[in-house]
Amino acid sequence: MTTPPAEPTGREPHEESRPASRGRRRVVLGVGGGIAAYKAALLLRLFTEDGDDVTVVPTAAALNFVGAPTWEALSGKPVSDRVWDRVEQVPHVRIGKSADLVVVAPATADLLARAAHGFADDLLTNVLLTARCPVVLAPAMHTEMWEHPATVANVATLRDRGVHVVEPASGRLTGADTGPGRLPEPEDIHAACLAILDTSRDVTPQVRSHRDSVLAGLRIVVSAGGTREPLDPVRYLGNRSSGKQGYALAAEAIARGADVTLVTSASLPDPAGAHVVRVETARELESAMSAAAQQADVVVMAAAVADFRPAEYAESKIKKTHGPGEEELDDAPVIRLVRNPDILAGLVRARRELRDRTGEATAGPMIVGFAAETGDSSGDLLHHARAKLARKGCDLLVANEVGAGVVFGQDDTTVHVLAPGGEVLLTAGPTTKAAASAAVWDAVEEAVDVRPPRAE
Ligand code: C5P
């Protein structure tokens, strides 16, 4: 590995030991030896684009996947995996001690084990031992390795010690196999790091601060995606919802320090740091939401719930012929539908009953609904949204315009947040679903009833 003689930043070595509270935020990006090492290059860019000073510390195995020149070019700094390079600068102590944040992505099973047991056999493990700043590990490995009792115990040890171990995402792994163990998307790891920095004590002035968000520490449940109502083992009734808005809401709430449960029927990558509950049908969504809502401070129903489901479920595939080798049926089958529960209205009803029973006017979560609407001859988008708000009885309603090619599956949207009286609290857009989510949480922050923390 090459180590250029001088730092391209032009900074003097002594400046490297400046206290973390002055100057740019110092981020150490550790990279473990997994195939997901290439994603760390994107994570590096997210930090440098934020103005952070990033030192990359790969393991020797990581350099087999992505070489030192890539890290050096992207970070503008020399890169080594050994404690024996530039010894006069005492890198094995200096890099960790002067960091504002150490993030390791991907953290392999081997790296988790070495970190849990306090090994100091390369530069990265030395950095982990000397760091006194928040440490975030983003594991990535095959499901079997992630679920092995040794890894489970190592993760528990690290978490007990205050290390933030991000839950890996579920999805496609290196080969054709799928399951938990995938490195979360770089954007999600970056957002989790910012959230952790926000809630840690040593926050530098440059850090985007959500520390004062009233959402920090609140339990938030968000539903996302369109439900699928099965007709037979092969077919279902569904809708065009992608789930992107619900996922963006979950990610933004996590960035504001909330404890987020995402109940989803979509198949997008898990937002880092969310507790994810997977559902398929409206009735599964209903039972997951009513269970999660019991412990929640805020519930947001962003899911597109099917209003109807097939009355009968055929245990075997509905045929179009009388049987194998026989002629086709004359008539197409008629599918009878029955109503699904209105989950949002049910959550509001359960909360009313709780309030009546306990006599506590603020018992239960704040409840936010969504209204995907189109204007028509009987009224515009807001007219229909106000009627829906009155019907559902929720605390806030987020209205957005839908139609052919608008909103569903797209990245941009326009949202209007309505208060119970029907007044528009704010409008955001056309903008990204991430920015729309920030606007929704701004409105929730204004409206949320901040209660004393509940007993566990
Ligand atoms: O009635 P409509 O589907 O337009 O209402 C939209 C809002 O109600 C959304 O928040 C959606 O998640 C919720 N909803 C529900 N249960 C249904 C239908 C919609 O919770 N069966």
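Predicted model: local features only at pLDDT ≥ 70, side-chain atom pairs only at ≥ 80, totals over all residues.
**Entry 1: around the ligand**

I began with the residues that surround the ligand. I listed M301, A303, V305, D307, P341, D342, I343, L344, G369, F370, K388 and K392. Sorted by class, this shell has seven nonpolar residues, one polar residue and four charged residues.

Next I looked up backbone atoms beside the ligand. A polar backbone atom of M301 is 2.7 Å from an oxygen atom of the ligand. For A303, I noted a backbone N or O atom 2.7 Å from an oxygen atom of the ligand. At P341, a backbone N or O atom lies 2.8 Å from a nitrogen atom of the ligand. On its own the ligand has 440 Å² of accessible area, and the protein covers 87% of that.

**Entry 2: the largest pocket**

Where does the ligand sit? I found it in the largest pocket. I also wrote down which elements give two or more residues to the shell around the ligand: α12 (343-358), β16 (366-373) and α13 (381-392).

The space in the largest pocket comes to about 780 Å³. I counted 33 lining residues, and those closest to the centre of the pocket are A303, A304, V305, F370 and A372. A303, V305 and F370 are also among the residues that surround the ligand. At least two residues of the lining come from each of α10 (244-255), α12, β16 and α13. By class I have 15 nonpolar, ten polar and eight charged residues in this lining.

**Entry 3: the second largest pocket**

I moved on to the second largest pocket, with a volume of about 620 Å³. Its lining is made of 23 residues, and D188, Y247, A248, A251 and A434 lie nearest the centre. Two or more residues of this lining come from each of α9 (186-199), α10 and α14 (433-447).

Which element gives the most to this lining? I noted α10, with six residues. The classes here are twelve nonpolar, three polar and eight charged.

**Entry 4: cavities**

How many cavities of 30 Å³ or more does the structure hold? I found two. I followed up the second largest cavity, which has a volume of about 30 Å³. Its lining consists of D188, A191, A192, A251, I254, P271 and A272. The elements giving two or more residues to this lining are α9 and α10. The largest share is that of α9, with three residues. I sorted the lining into six nonpolar residues, no polar residues and one charged residue.

**Entry 5: cis peptide bonds**

Last, I looked up cis peptide bonds. One joins A105 and P106, with omega at about -5°. I located P106 in strand β3, which covers residues 101-107. Another cis peptide bond runs from G429 to P430, and its omega is near 0°. P430 lies in strand β19, residues 424-432.

**Entry 6: recap**

I close with the points I would look at again in the structure. α10 supplies residues to the lining of the largest pocket, to that of the second largest pocket and to that of the second largest cavity.

Key:
Residues numbered from 1 in each chain as written. Heavy atoms only, no water. Near = heavy atom within 4 Å. Polar contact = N/O pair within 3.5 Å; in protein donor to acceptor, adjacent residues only side chain to side chain. Areas by Shrake-Rupley, 256 points an atom, 1.4 Å probe, with all protein chains shown as cover. 1 Å grid on protein atoms, 1.4 Å probe; cavity = no way out; pocket = protein on both sides within 12 Å on 5 of 7 lines; lining within 4 Å. Sits in = over half its atoms within 2 Å of the grid points. Helix = DSSP H or I, 4+ residues; strand = E, 2+ residues; numbered from the N terminus. Nonpolar A, V, L, I, M, F, W, Y, C, P; charged D, E, K, R; others polar. Points joined across faces, edges and corners; volume = space filled by probe spheres on them.
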